[in-house]
Amino acid sequence: MTGHGATLVRWIERIETGLVAVLVLAMVVLAGAQILLRNLFESGLSWADPLLRAMVLWAAMLGALAAARDDKHIGLDLVTHFVHGRTRRVLRVTTLLFAAAMSAAMAWYGVGLVQLDVDSGAATAGIPNWVIEAIVPVGFGLLALRLAVRAFLPPRSDAPALAPELP
């Protein structure tokens, strides 16, 4: 990929990485503040624990997307370590497409989960639950798309290095 497409992909990757970093940093700061408040002042922020749980969900989904982007996701593909060539490529495509199908199913059922909370009007830490849970169908949908695309691309470790673009 060259030109504007490669630039767009790099920007999307930077935004993803930045979101995960900001989210994890915010989680560390909020959890640290909770610990200090509880231990030093025997109090705490009533909304912090539910918000931290929501942030963990978001960090997990965004982290899964980043891992799939870089071919660093968890794979149960022991057989591919013993086969080579065409057989290995076929197994890679098969396992990634299966993972994409499972992710798509999770996205589909995630829509139902979000719909339940839209109808209920429930909220956590002042944030509607459906907003917090929206990462489930969106994250799994993007993961399904990314895995399906990765199935037909060479593994990141095998891909030829792209030459840096000159200004």
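A salt bridge here is a side-chain nitrogen of Lys or Arg within 4 Å of a carboxyl oxygen of Asp or Glu. The views below come from a predicted model, and by this rule the count comes to four salt bridges.

**View 1. Arg 69 and Glu 16 meet in a salt bridge.** Their closest N and O atoms are 2.8 Å apart. Arg 69 belongs to helix α2 and Glu 16 to helix α1, so the pair ties together parts that are 53 residues apart in sequence. Both partners count as buried: Arg 69 has 8% relative accessibility, and Glu 16 has 13%.

**View 2. Arg 69 also pairs with Asp 70.** This salt bridge spans 3.1 Å from N to O, and Asp 70 is partly exposed at 27% relative accessibility. Follow the shared partners and you will find Glu 16, Arg 69, Asp 70 and Arg 146 joined into one network.

**View 3. Asp 49 and Arg 38 form a salt bridge.** Here the N to O distance is 2.4 Å. Asp 49 sits in helix α2 and Arg 38 in helix α1, so this pair links parts that are 11 residues apart in sequence. Asp 49 is partly exposed at 28%, as is Arg 38 at 43%.

**View 4. Arg 14 meets the ring of Trp 11.** The charged end of Arg 14 sits over that ring, 5.3 Å from its centre.

**View 5. Glu 42 and Ala 125 take positive phi values.** Most residues other than glycine have a negative phi. Glu 42, with phi of about 50 degrees, is found in the loop between α1 and α2 and is exposed at 75% relative accessible area. Ala 125, with phi near 55 degrees, lies in the loop between β1 and β2 and is partly exposed at 37%.

Note on methods. Residues are numbered from 1 along each chain as its sequence is written. This is a predicted model: local features need pLDDT of at least 70, side-chain atom pairs count only at pLDDT 80 or more; totals for chains, interfaces and linings use all residues. Side-chain values use heavy atoms; hydrogens and water are left out. A charge sits over a ring if NZ of Lys or CZ of Arg is within 6 Å of the ring centre and within 35 degrees of the ring normal. Helices (H or I, at least four residues) and strands (E, at least two) are DSSP runs, numbered from the N terminus. Buried means under 20% relative accessible area, exposed over 50%, partly exposed in between (1.4 Å probe, protein chains only).
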